[in-house]
Amino acid sequence: MAPSNLELAYFQEQLIFTQKMEEVLHYSFKKVKPIIQLLETNVDAEISQEQAEMLEALTARFARLSDILIQKLFRAIDALELTDEGSLIDRINRMEKRGIIKNAQEWLELRKLRNQIARSEERRVGKECRSR
């Protein structure tokens, strides 16, 4: 059974959105690359509030792109192939089997990193709220 026009349109929409988010992530990375290099050479280096915000934007954009890829684009691919959704791990494994990603384990590690970023952000916001 062939995918419906609606499923194809949704996939195309998700693909375009993913590409735009990738561009935004690359833009953020270019902006923070000097900061990252500074921190790699001197872990105790002082950075400005503006630099900290730029790093925060990069991590948020990374987390968002990770979500979009796994939760939206990979799901859209599954829908095109009429595959049961299953768990996130199942979805990532299917993408590896299809040759869309090279290594499912690396993607699971990316997901763990995304979760660490989200928890770190929750702690930071909670700390800011308590200090007000």
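I started just past the end of α2, where Leu82 takes a positive phi of about 55°. Leu82 is not a glycine, and I placed this residue in the loop between α2 and α3 (88-97). Its relative accessible area is 47%, so I logged Leu82 as partly exposed; buried means under 20%, exposed over 50% and partly exposed in between, with a 1.4 Å probe and protein chains only.

Ground rules. I am reading a predicted model, in which local features need pLDDT of at least 70, side-chain atom pairs count only at pLDDT 80 or more, and totals for chains, interfaces and linings use all residues. Residues are numbered from 1 along each chain as its sequence is written, and side-chain values use heavy atoms, with hydrogens and water left out.

Overall make-up. I counted 4 helices and 0 strands in the chain, in the order α-α-α-α from the N terminus. Helices here are DSSP runs of H or I with at least four residues, strands are runs of E with at least two, and both are numbered from the N terminus. Of the 132 residues in the chain, 27% are buried.

Helix α1. I checked its length against 1.5 Å a residue: the 37 residues of α1 should span 54 Å, and the end C-alpha atoms are 52 Å apart, which agrees. The expected span is 1.5 Å times one less than the number of residues. I found a kink of about 50° at Val32, shortly before the proline Pro34. A bend is the angle between axes fitted to the seven residues ending at a residue and the seven starting there. Val32 is also among the buried residues of α1, with Gln14, Thr18, Met21, Leu25, Ser28 and Ile35. An α-helix has 3.6 residues a turn, so residues three or four places apart point the same way.

Helix α2. I ran the length check here too: the 32 residues of α2 should span 46 Å, and the end C-alpha atoms are 45 Å apart, which agrees. I noted a bend of about 30° at Leu69.

α1 against α2. Two packed helices are described by the angle between their axes and the distance between the axes. For α1 (residues 5-41) and α2 (residues 49-80), I read axes that come within 8 Å and cross at roughly 155°. That makes α1 roughly antiparallel to α2. Axes are lines fitted to C-alpha atoms, for helices over the stretch in contact, and angles run from 0 to 180 degrees between N-to-C directions. Under 35 degrees counts as roughly parallel, over 145 as roughly antiparallel, 65 to 115 as roughly perpendicular and the rest as oblique. The crossing of α1 with α2 is left-handed, that is, the near helix is turned anticlockwise from the far one by less than a right angle. The contact has 26 nonpolar, 4 polar and 6 charged residues.

Two residues of α2. Ile77, in helix α2, is buried, with a relative accessible area of 11%. Ile77 and Phe11 are 66 residues apart in sequence, yet I read 6.8 Å from C-alpha to C-alpha. Phe62, also in α2, is partly exposed at 21%. Its C-alpha atom is separated by 9.5 Å from that of Val24, 38 residues away along the chain.

α2 against α3. I read an angle of about 60°, with the axes 10 Å apart. α2 and α3 are therefore oblique to each other, and their crossing is left-handed.

Terms used: Nonpolar A, V, L, I, M, F, W, Y, C, P; charged D, E, K, R; others polar.
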